[in-house]
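Please examine the sequence and the model displayed below. The paragraphs that follow lead from surface charges to the sheet and then to the remaining segments.

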Amino acid sequence: MNLSNLKPAAGSVKSRKRIGRGTGSGRGGTSTRGHKGAGSRSGHSTKIGFEGGQMPLQRRVPKVGFKNPNRVEYVGINLDVLQSLAEKYNLTVVDFDTLKEHGLVSRKDLIKILGRGEIKTKLEVKAHAFSATAQKNIEAAGGSIVKL
């Protein structure tokens, strides 16, 4: 066997539907387009979402709410997660690179440290934002915070 005699498996390749090749083919005459109307003419195409003149779904459904284009979205990381990271990898500094390395954030994320859990080790935490309880807890454990 070589590249010159490779073939697809038997029955796996169908021949295409050849329309407009005479009445004997069963697909001649109107060539599967039906009689009259726009759909039978050349160059006809309908818009996406067109429902034959009925009010389309995207216009029937009411518009609801407001999406603020200036919203700043943070990835929340709790103190218990920082504590387990510090214990597991023996860390003293937790910054963006550390969190990215361990798969907690991705490249363009903004980080906010949240107050669930407790910190027992002295950590220097670098993040974009801190909740008040998280800040209090980190500083009570002898650590420090740095806002990026």
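Are R71 and E73 buried or exposed? Both R71 and E73 are exposed, where exposed means over 50% relative accessible area, buried under 20%, and partly exposed in between, with a 1.4 Å probe and protein chains only. This is a predicted model, in which local features need pLDDT of at least 70 and side-chain atom pairs count only at pLDDT 80 or more, while totals for chains, interfaces and linings use all residues. Residues are numbered from 1 along each chain as its sequence is written, and side-chain values use heavy atoms, leaving out hydrogens and water.

R71 and E73 form a salt bridge, with their closest N and O atoms 2.9 Å apart; the term requires a side-chain nitrogen of Lys or Arg within 4 Å of a carboxyl oxygen of Asp or Glu. By this rule there are three salt bridges. Another joins the side chains of D80 and R116, at 2.9 Å from N to O. Because D80 belongs to helix α2 and R116 to the loop between β3 and β4 (124-127), this pair ties together parts that are 36 residues apart in sequence. D80 is partly exposed, at 29% relative accessibility. E51 and R60 also meet through their side chains in a salt bridge (3.1 Å, N to O). E51 is partly exposed at 29% relative accessibility, and R60 is likewise partly exposed, with a relative accessible area of 42%.

The sheet comes next. Three strands form an open sheet in the order β1-β3-β5, with parallel pairing; strands are DSSP runs of E with at least two residues, helices are runs of H or I with at least four, and both are numbered from the N terminus. Two strands pair if DSSP finds at least two bridges between them. β1 (74-78) and β5 (129-130) each have a single partner strand and stand at the edges, so one side of each is left without a neighbour in the sheet. β1 runs parallel to β3 (residues 110-114), to which five bridges join it. G76 has K112 in β3 as its bridge partner. Helix α2 (residues 79-89) packs on the sheet and touches β1 and β3, contact meaning heavy atoms within 4.5 Å.

S31, found in the segment before α1 (57-60), counts as buried at 16% relative accessibility. Apart from neighbours within four places in sequence, S31 is in contact with I19 and G20. L3 also has its place in the segment before α1, but counts as exposed at 76% relative accessibility.

Notes: Axes fitted to C-alpha atoms, helices over the stretch in contact; angles between N-to-C directions.
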